[in-house]
Each structure stands twice: as structure tokens, then as C-alpha cells.
Amino acid sequence: MKSAVILFPGSNREHDAARALKLVAGSNVNIVWHGESELPKHTDLVVLPGGFSYGDYLRCGAIAARANIMGAVRAHAEKGGLVLGICNGFQILCEAGLLPGVLVRNAKLRFVCREVFLRVERADTAFTRAYRKNELLRIPIAHGEGNYTADETTIKQLEAEGRVAFRYARADGQIDQADGPNGAINGIAGIYSEKLNVLGMMPHPENNIEAQIGRTDGRGLFESLAAALKAAA
Amino acid sequence: MIPNTPRITPELVAEHGLKADEYQRFLELIGREPTITELGIVSAMWNEHCSYKSSKVWLRTLPTSGPRVIQGPGENAGVVDIGDGLAVVFKMESHNHPSFIEPYQGAGTGVGGILRDVFTMGARPIAALNALRFGNCHHPRTRQLLAGVVAGIGGYGNSFGVPTVGGSIGFHGRYNGNILVNAMAVGLAKTDEIFYAAAAGVGRSIVYLGSKTGRDGIHGATMASAEFGADAEEKRPTVQVGDPFAEKLLLEACLEIMKAGCVVAIQDMGAAGLTCSAVEMGAKGDLGVELNLDAVPCRETGMSAYEMMLSESQERMLMVIADGKEAEAEAIFKKWGLDFAVVGKTTDTLRFVVKHKGVVEADLPIKELGDEAPEYYRPFNETPERPVLTPADVPTSVTLADALEQMLSSPDLCSKRWVWEQYDHLILGNTVQKPGGDAAVVRIEEGPKALALTTDVTPRYCEADPFEGGKQAVAEAWRNLTAVGATPIAVTDNLNFGNPEKPDTMGQFVGCVKGIGAACEALDFPVVSGNVSLYNETNGKGILPTPTIGGVGLIDDLSKTMTLAFKAAGEPIYVIGKTEGWLGASIYLGLICEREEGAPPPVDLVAEKRNGDFVRALILDGLVSAAHDVSDGGLLVAVAEMAMAGNLGAAVDSHCNMAPHAFWFGEDQARYVVTAAHGQGSEIVRRAEAAGVPVTKIGKTGGDRLILPGDRSIFVEALRDRHETWLPIYMSSMS
């Protein structure tokens, strides 16, 4: 398995992502500079890491979405290649039009770093096969602008097509938008592209992978990716 | 030619914060009337903030060396060996005045400044902490200041990408007009790749790196060296504006050019910007410096030499570049989109020469600017001793349960989750213990080693007895590190006081420094870096003396760290250390009895060391399942915090004749609460008796309630609810 983690000025969770890919998925990892125009040959997975690319100035992800490397990322996605955007990476994917909708400021207007409950909406994608459908995960979030929203038609379409990947849940597994950490519509924490090969999510599975540090609920995502790529090879 | 306009009048001298005798000394030093730029430079170098003129004689008394210390005070940050070729690099610094005027930018640039201090030394920041003090919670500005400061700290640290893992917050009316924002940064470096400020080699390029220079922050350091009056708001333009994005780029670019071997010396532009950084590089390296301001990248047009020399624009660095490495260094900076400009050179003249548009705007002796700064042995009055209060002096009709509930939902003892959830405390993936425990624990690289980190001070003790209060701040930091299983290795101090020209205030400073020194000596806990913030006064009213201690401890194997949460039902609970029921200057006395009086608890440093070493050994040997330092609020507060953290109740009893409120809420020092791991209770008692350490069984874990002797019991969940909701409710309500 070969992964490319894209480094924008202001990215700051690139090492966390690279570490999870190596440690859990056993992946070979290239850190790729935003100014490049090609991905390393035979890249299986592209990861847009968390951070504050370009300081989150203008609008989160808006400048990074127009970076040089994004042409190659888009081509990779269009070929059906796997793309994972975490936090700022999710914001960039939305700004780049690779995923619909947008992440706006948290409903309470404050940055929030907290472990939340996530409900796995489907366990049959390249990102989630190591989980069970409706499994509750505990994964941290750390963002000020994670409030997912989109127009009514888009939300209906996402729901109808089963493209919601994860939702913020209560400890009992129920979804209540008002209880969510950021006000995201329908508790949406992550969504897939039409072909299910692009996933954008606000929570940080890469920060819950080692028992030594805390919980390990994030491992499943990287294990799923490793298994999916192995099966495809 | 040295320009002589405008003329330097006594009014102009006073506006620059220089006393008449200080100006006279400067005149004698240079033998002529200075230019306005020179006056600006000397005011920047000789103000309290940069010169430590009131504090230096006392700071010299602190213990600063030890077998692990690689670099003590005097550099950008302290450096301590942690084995395996690695060093921990850390420092704490205040940004009090700017944060009061403009809380978001003031606090944010405080974080930015201290992070720069750490990566200037070649270290990658791995953790940030802070210590905050606000006014009374009923004061009309407190909410807004707290919200702004917390957002500012988060806004900077989160974007920069360093986990903010710990800190402390307190409230008191004496901070109404002068809040405290102390920021601490901790970094990791290789012991043989530490970078210093001292320039070396004549004729080498001095390079300016980072963001452009603007008109923000001019005279920031001078502002920070004066009291506030009614005009505090008007000082807003002296506050710098932070750009964490630029700082993140600066970090990566600096570490990259250091790795490439381009750097001879490096100094960040913090207080007094270009002036302070250039003078320090030259003075420390026994070299002259010549600057050509025409080359300085400016954000605004028409900036004068005076403005450029005094700007405190953020995210800037000054470096001496190795011969022949200019092009390589420049390429790295351009890659990161940062300014890179050769702005001067080192000389053998020992002069600090500043040229602008062909005019020599300053020509000063460089060593004297730093070394000949005034130094004062200011007169001081020792703080009068307060009477010792006995339990009988503190009559009460409040029950234990009522007092506990009230204390745990009070500003000082409530949960600070509302604050630390606004800080990214998990980034980098090494946070083993997040905020809310005795000390944060952060893994070092791949482990198994880890660092324990804490910030502590109890200002009401320092006010009551500066010497004991100074000792206590150090002892509590040492205890907090011990309670997670760490060996305390070194401290950074951030000494916040009022006007040192008042003998009573100076007496507080002297007492606290003596106390810190005594405790650091006794506990093998050297001071390796620090910062002094004086003139924390508004309209003549000073803050509580607040010498914040930032403690760092080393953990050899992070699988042996300890947390404060109760783990299992049926485990005996012990208090280690002697309980005498000391209520003087306690939270109980202040909050429940509304009395601020009495001597604070004395700190027996021998007992501290003995009891702490004992508890650490219990942790490392696996005999305890939870450990917690006993501090603010005393024993019952400690037990309740352990219950809330573990979501597990306990039944407790004192089994002694002491007045219950004194036993349970007294704040005697050198104490810990531990629970015995399965079946280890008798071994703990046996060991304690052998070591001469007082140990008392005070109860047993279990159930969903705290069962108190002769009182109603309290559901842990209900208590936690009150504990957790006070601050969010306070922050969301309008006053």
C-alpha cells in the first residue's frame, strides 16, 4: 500500500496521519508538497490532513483547494482512486468540489476539542469494512468550523444514496442534532463521494490508534483501507 | 552624520519611561545628546521588561544548575538533558498587559512569543501550557476577558499545531484591572543540535526572516513596564497582532535551515523587536552589529528608523548565517513563502550602528546597552506575619456536604473543561494525560519515555506570606508531577508582581524569590528559565503576588504513569502526609466563611521530599491504583475529584477528634490521596511506617455516592453536574 499525504502551508496533522498509515495500515507514505503537479507513481491513497492550510484565511480550505497538486488529486479521484480528507482535508475536498456541501462555523462559535461518539452508517466501503454498521466509535474532534451543511436537495440526495459515512451520536447511539458538538445537519460527521471512493470527515481517527495513548477506535479505518487495497491488488 | 532633530527634551525622555538619572547615565555613556532613534533603543533595552533591572539581584540567588541542566536562564529558553541524546527545551513568559488591553491578540501573541523562544533554540514544540488569572467573576469585564484570552490562546496554538495540554485558572478581585496571561512552551531537541543567540565571526551576514515589519507593537515592552491608569484603552496600538500561520511556516523553515547547517546564531524578535534581538546577538558574542534598515521588509510605507527599531511585529527572526550558506538558506525561506533579507553584518567594533537612507541613525556601544543597564537594589519591606488560625478560630455552621458542593461549583474549583476544550490538546498524537489531572503527560517520540508538565501557584498564600507562598508554588508543581509518577527535573518561573518601586510590593517579590529558591534547592528542582512581569497595577492597586511555576518531570516508562480517577470499588483510600487542619488562607475560609486572613500552611520541604519520593515509589512499584495531590480545598475536595473522574463513589471517615471542617478542608501541605491496588493496602501501610511517612486510612471506594461522616451523602453524578456546569453557565449568562 502506498499513500500520499499532501502538505499545504499550515497543515499540521500530516505527521499524525502518516503515523497512523504506517503503524496501522503498514503503508508506505510520501509527504507530497502542495506545489507538485504529480502524485508519486502507484499512489493508492491520497490523504489531505488536518490543519489550518493557508491559516484558514479567506475561508477554510478555499486556497488549498486551488493548489497545484489538487489537479492530480482530482484526477486520482476521478479514476476511482481512494481519497481521505480529515478535518481541514474535508473542508478542502468540499471547496474543491470533490464533495458537496460546506463546513461552516460551529453552532456555538467556539473551537472544540473533545472525544465524541460516532455512529458508523455503513460498514461496506473501503474505509469502514473493519467496523460494524451502527457501531459506536469514540473519536476526537478538534475544529472551529465543522458544522456541515448543504442545500436541502443535496442533503436528501446524500441520505437517499447512503453517502453519510459517520454521524455524531449520543452515548446511546441516538442522533440528536442539538446534542452534536457543532450543529452539523442530521449529525453528519463525514460523507462519501458518489462512487464511495472519496471520504471527508471532521473527526480524527488518526489520533485514536494506540492503547498507550488512549483509545484505539480509529484503527478500524486504517485497517479497512489496508484490507481494501490488498484485496484490489 | 548623526541627526539631531528632534531635540531630546525632558518630556520626551519621560515619555520613553526613562528616569532622569537613567538618562544621565546614558548621556555619560555616549558623551553627546542621543538621536530620537537612540533614545528609543535605550528605552527599549533599559525598560524593566527587557533589563530585569529591579529583579536581577534577586534572580541571581536562585539555584539554576544541576547534572541535567544544559542551559540555564539567560538564553531564549532553558535546556535540560532527558537522556537518549534528547533535551527538553522550555520557558514560560507573561503577556499580561497586552492581554488586558486586547485579550484575543494579547494572549495569542503571548503563545506565539513563547513558541518562538523554544524553536529558536532548535527544538520542535511538543506542548503548550498556560496559567491565567482573572478578576472577580462579578466584575463586568471578567467574562469578556476570559472569553477573549481563551479564544486567543486556542486560536494561536491550534493553528500553529501544538497541543495545549495543561494550565491553571484563578479568579480574584485583585486582578480586576490587571489580568495575568502566562504562557509556557515545551519543545524537544537533540542535545548536540541546540542553537544559541551569541553571534560569532566578524563580517558575517545578519539575516532578517519571517513576516514583514509594521507599525504594530511599537513600545510594547515599555508599555508592559508601566502601571495602567485610566488610559489603558488608549494603549491598544501597542498590542501586537498575531499570525499563527506565519509562525507555523517560520517554525518549519527555521528547523529546515538549522538542519541544513546554515545557522551560526539565532534570536527571535520578541519584546523590543529588532533592537533587542540585534543587541543581544552582538553583546553575547562580543561583536558589533551594523544594520542597514533600507533592507528591512516593511508592511507599510514610510516607516522611520525609530519605528522599525521599536516595532514588535510578530513572527520574525534574526540570524547570523554561516559563510557561503546564504543562497541555500534563502531558497528554503522562499519555499515557505517567507521574507529573507540580509539586513546587516557583524563587526569587530563593539558598536551598534543603525543606518537608514544613508544616515547613521544610531551609533551606540553594544555591550553597555545590555550589560550597563541600570540595576537596582530596591528598598523593600518584609511582609508582616499573619496570625495562625486554629480550627476554633474558624467557627462554621455549614455542613460538610453543603460546603463541598459549594466549593466544587465555585470559580476557582469548578471544572475548567469549557476552557481546555477550546484548545487542541490531542494534536501530534502523544497526549497520554490530557487537561484535568494533576499534570499533563506527553509521550516523547515513540516512547516509552514521557514528560509530565504542570503550572502552579497559590497567590493567596503568597499574599499572606511571600516566603511560604513561594515555597508552596514550587512544592505544588513538584507534587503534581510526582502524583502522575514522574521524577521532577526542572522549572521555569514567571514572576508576576505589582510596582517594585513600592517597598511593600518589592518585599513580596523578595520573599517569594527566597521561597522559590529554598524549595528548588531542597527538591533538586533547578530554575532553568523564566520571566519577570512587574508593574501589574492599575490606578495604584497591585495584583496578588503571583510567581507562577512551570514544572517539568520525566517518566521513564509511560505504562507506569498514574491518574487521579478511582479505578475499582472496594479499594481502601489513604492520605499520605500529616493532616493538621490548617484553615488559614484556605479556600474554605475565603469561600465558605468569606474571610481572607490567617497565615498560610507552612511548607516543610523535608516532608515534601520524603512523602513525594514515597508516593512515586508506590506508583512505580504498582501498589496504588490512583493518586492525587491535595491542594486547594483540602482532603475532601481531592477525594471528590477522584470520585468524579472515576465515576465511582466512596465512604469516608476521619476517625479522629479534629473538627470535621478542619480535617476535611484544611490545606496542610505535602499530602497525597492514594487508593491501594488490589490487596496492597497493608503493604502500603508497612512501607509508610518503615519510611516514617504518616499514612491514614480515610475510607473505601464504591457505590455511586460520597458517603460523608455524620452528614447526608452526595451522588457523584449530581456533584459532577454542578462541578462541570458552573463555568459554561457563567460564560453564557449576561451580567
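Let me start with chain B. Six strands make an open sheet with mixed pairing, in the order β1-β2-β3-β6-β4-β5 (chain B). Strands here are DSSP runs of E with at least two residues, helices are runs of H or I with at least four, and both are numbered from the N terminus. Two strands pair if DSSP finds at least two bridges between them.

A word on the basis. This is a predicted model, where local features need pLDDT of at least 70 and side-chain atom pairs count only at pLDDT 80 or more, while totals for chains, interfaces and linings use all residues. Residues are numbered from 1 along each chain as its sequence is written, chains are lettered from A and ligands numbered from 1 in the order in which they are written, and side-chain values use heavy atoms, with hydrogens and water left out.

α8(B) touches β4 (124–134), β5 and β6 (180–190) of chain B. Contact means heavy atoms within 4.5 Å. The direction of α8(B) makes about 175° with that of β4(B).

Now the β1 end. β1(B) pairs with β2 (residues 78–81) of chain B in the antiparallel sense, over two bridges. Val69(B) stands opposite Val80(B), and Gln71(B) has Val79(B) as its bridge partner.

β2(B) and β3 (residues 86–94) of chain B are antiparallel over four bridges, with Asp81(B) opposite Ala87(B). Four residues lie between these strands, and Gly83(B) in the turn has a positive phi of about 85°.

Next, a helix pair in chain B. The axes of α15 (residues 400–408) and α25 (residues 716–732) of chain B come within 8 Å and cross at roughly 35°. Leu404(B), Glu405(B) and Leu408(B) make the contact from α15(B). From α25(B) come Leu719(B), Arg722(B) and His723(B). By class, that is three nonpolar, one polar and two charged residues. The classes are these: Ala, Val, Leu, Ile, Met, Phe, Trp, Tyr, Cys and Pro are nonpolar, Asp, Glu, Lys and Arg are charged, and the others, Gly among them, are polar.

One backbone detail in chain B. A cis peptide bond joins Gly447(B) and Pro448(B), with omega about 0°. Pro448(B) lies in the loop between β15 (440–443) and β16 (450–456) of chain B.

On to chain A. Here an open sheet of nine strands runs β2-β1-β3-β4-β11-β10-β9-β6-β7 (chain A), again with mixed pairing. β2 (28–33) and β7 (136–143) of chain A are the edge strands. The twist averages 25° from one strand to the next. β9 (residues 164–169) of chain A pairs with β10(A) in the antiparallel sense over three bridges, and Phe166(A) has Gly190(A) as its partner. Helix α4 (residues 152–160) of chain A packs on the sheet, touching β9 and β10 of chain A, and its direction makes about 75° with that of β10(A).

Leu196(A) is worth a look. Its phi is near 65°, a positive value in a residue other than glycine. It sits in the loop between β10 (188–192) and β11 (198–201) of chain A.

Last, the interface. How many residues does the contact take from each chain? Chain B gives 27 residues and chain A gives 25 residues. The buried area is about 2,300 Å², with 54% from carbon and sulfur atoms. That is the accessible area (1.4 Å probe) that two parts lose on being put together, summed over both. Phe245(B), Glu421(B) and Arg443(B) supply 24% of what chain B buries against chain A, more than any other three residues.

There are four salt bridges between the chains; each needs a side-chain nitrogen of Lys or Arg within 4 Å of a carboxyl oxygen of Asp or Glu. One joins Glu446(B) to Arg19(A), with the closest N and O atoms 2.6 Å apart. On the side of chain B that touches chain A, α10(B) gives the most, with four residues.

How values were computed
Axes fitted to C-alpha atoms, helices over the stretch in contact; angles between N-to-C directions.
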